Structure formats: structure tokens, C-alpha cells
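Visitor: I have not seen this structure before. Please show it to me, and then I will ask about its parts.

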Amino acid sequence: MNRSVRTLLATALVLGIASGTAGPVSANAPADRAPGSRPAAPGAPRSQDAPDARALSAAIAGLPRQDAVAALVRVGGSAGSWRGSAGLHDLPSGRPADPAARFRAGSVTKVFTAAAVLQLAGERKLSLDRTARHYLPDLIPASYGEVTVRQLLDHTSGIPAADLPGTNPEEWYAHRFDVHTPRAMVASATAKEREFAPGSSQHYLNINYTVLGLLVERVTGHTYEREVADRILSPLDLRSTYFPGADPGIRGPHNRGYQVFAAPGGGVELRDVTVWGPTDGWAAGDIISTTADLERFTTALFGGRVVRGPLLEEMFTLPDASVRTYGSGKPAQFSAGLSVLTLGGRQVWGKSGGRWGYNTAVAATRDLSRTLVYSVGATDAKGKDANATAMGIAVAAFGPPPAA
């Protein structure tokens, strides 16, 4: 990166602005409330209310700012819809963000993986109660011989994370084009001692879904990517969704992604991190999509058109109440492919994902009265705390979380 571009990006970060800032652009946005409806009490369920266009517009107003360069949002459901985008396609040109752009959806990939595995279970090509070692005896050692497919799906396997190079953003950036194979990552993880007895705790880790991707390949004889494409992408006509393989770029129209880094000599700077190798994510986090495609997928999934019958309930069922989150002791939050939050006094199921420069989420109420898909051009996509713009969008769409 040359000095002039670095200076421009650093200035944009410090000021929270850049030339050509685009305000919210929305279409098909209904009034704040449906005619004749009453305002909901703070924190009360709002499932029958139309989307709050004013709150949604406010959530993405003023982009770019310190935590985000752009935002693409689609709110839908039986109570109405709202579309909005704000911010910039890229900082140097100052062009408005493209609302139809592709982006890295990160761990939203896990929802597709879980759906494919559950379809295979419905076809009796695998059993959720069989062990992963039963299907992958050459890869899963005897020390992990008790881990079941269901425990991989809900992150209760006890398999630790694979070792990947780097311990901080600067080192990860230096290794951004490294190529990682799924088998090598599984071998790295299973060479370690287990974190806990399978089924006794929950630890959300990519390695569970890396194993599931390999399991899909073993029982079908096809690549993971082909199976998801044939089972989900093609039937739902998700034409802008694809798996990048080892390609570090994003094909087709896309907004640039940026990440905060420490600047030489002190302070911080923004770097363009759009081009970044995806192979460490694979079946756990490498999918590329659009908000329109992810909205269609979410509606079909929750509506029972992707995973059918009782197996769909696996996606809306948390582990036993005795299972707590590893390291914190909090209640388990992840099911097969999804997680659950309480927002606006109701359960919201969905999945978030973070790749460098991009934060994404799909979410909906179980009855599909409200759906949400967003992609935020987050400058802290790998930060420990939730991105402020992303959280603001979720609260505007569903309502606030319970009071502490």
C-alpha cells in the first residue's frame, strides 16, 4: 500500500467520514407503523408491527464512520419489508455502496452446511447419533471416537481449534494468502487433548463444521461445494451465492472491505482487506453471497423448504439445559447451524458471520413475521466486541435485548 493511499484511509478512519458519503437509500419501505397499530411498549414483542423505517434508517445513517464503511440491509416478513443501504463502495473513489453487491458471509456458511447434513440424515445416508469416526475412521482418532454428528452440529464435540499461523492481526495479514486443507486442520485439532467430554459443554469452533464438510464428502462421494450447490443453491436459484475455493478475491460486483490496523509510528490505519484467502474457513465460513440470496435462503429454510419434517427441529433445539458454554458457564446458545437471542421480547434465531472487512447476519422469528439480513463493511470484523452498526441494525429490526 503506498503512502498516499494509506494517508487517505487513515484520515477517513480518524474523521469517520470520506468524500462522497452516501446516506441511507431505501426502497419498498413502509411507514413506521402499520395503519391503526399502536406503538409497542419498550421491549414488548412487535411481531405484527411493520418494520420501523425510521429506526432502520437511523441505524445506518452517517456511514462511513469509525466502525463501518458501508451497510446493506433487508428486512422482510409477513408484517412488511424494508430495504436500505448506506456508506461507500470504496474509500478512494467515494462512490455509494452497491446494495446488490456480493460479500463474504463468514460463518453464515454453517447454516448451509448444517442444512446439507440434515438433508443427508433425512435420506438415511448418515445418522446424527453415529460417531464421526464411524464415517471418517482414517481421520478421527480413537481419542475422539465418541463424538457424534449431532455434537459436531451443535458444537458440543470437545474438539479444540486447529493451529493456524499468527497470533495478532498483523501476523494474520502476513499469512492471508496461506492455503489450508480441511484434512490438515482436522489433523491439527485432533492431535490435541479434548477440551471436555463430548456432549458435556458447548464451545463454538469452526473445526466442528470442517469435520462436517469432510463427512458430507465421504458419504456422498462428491465435493462439499457440489453437494451444497445441488441441494440448496440451485433449487433456491441463489445465483449470486458461491464457494470461492482457494480464490482470495470476490467475483462480480462487491464493495471493498477494510480493517483497522496499528499504523507504523503509532495510531491506527485502515487497510483494504477485500482480497484475503478463504481456505481456513471452508465449510465453516467461506461462502460469498448477497443480501437478496440470503433473504431467500432464510425464508425457505424457516419455512421448511430446505430441511423437511422433524429434522428441521434440530435447527431450533438447543442442547440439554445442563450443557453450559465452555469457559463462561453461560447457557448454551447454539443449535444445529443456528443460534438464538431474545430481542424485542421474542426469540430470534439466526447466524452471524465475520470475515476480514465484512460482518454478516441472517435472522428471523420462527413464524417468519420478521426476517433480517445485513452485511456491514465492518472495520473491526474480527474484534472481540459486537460491531456497533450491526447491533444497531438488529435492535432496529427486532427490538432491544432484555435489560441486564
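Guide: A term comes before the numbers: contact means heavy atoms within 4.5 Å. This is a predicted model, in which local features need pLDDT of at least 70 and side-chain atom pairs count only at pLDDT 80 or more, while totals for chains, interfaces and linings use all residues. Residues are numbered from 1 along each chain as its sequence is written, and side-chain values use heavy atoms, with hydrogens and water left out.

Visitor: Among contacts in the protein chain with a separation of 6 or more, what share comes from residues 24 or more positions apart?
Guide: The chain has eleven helices and 13 strands; these are DSSP runs numbered from the N terminus, H or I with at least four residues for helices and E with at least two for strands. Of the contacts with a separation of 6 or more, the share from residues 24 or more positions apart is 70%.

Visitor: What percentage of the 404 residues of the protein chain count as buried?
Guide: Buried means under 20% relative accessible area, exposed over 50%, and partly exposed in between, with a 1.4 Å probe and protein chains only. By that rule, the buried part of the 404 residues is 53%.

Visitor: What distance separates the end C-alpha atoms of α3?
Guide: The expected span is 1.5 Å times one less than the number of residues. For the 14 residues of α3 this gives 20 Å, and the model agrees, because the end C-alpha atoms are apart by 20 Å.

Visitor: How many of the 14 residues of α3 are buried?
Guide: This helix is mostly covered. R124, with a positive phi near 60 degrees, follows α3. Within α3 itself, the buried count is 13.

Visitor: Is R231 buried or exposed?
Guide: R231 is found in helix α9 (residues 224–233). Its relative accessibility is 15%, so R231 counts as buried.

Visitor: Which side chain makes a polar contact of 2.8 Å with the side chain of R231?
Guide: A polar contact is a pair of N or O atoms within 3.5 Å; within protein, one must be able to donate a hydrogen and the other to accept it, and residues adjacent in sequence count only if both atoms are side-chain atoms. The partner at 2.8 Å is E123.

Visitor: How are the rings of W172 and W356 arranged?
Guide: Rings of Phe, Tyr and Trp (its six-membered ring) pair if their centres lie within 6.5 Å; planes under 30 degrees apart count as stacked, over 60 as edge-to-face and the rest as tilted. The centres of W172 and W356 are 6.0 Å apart and their planes lie at 50 degrees, so the pair is tilted.
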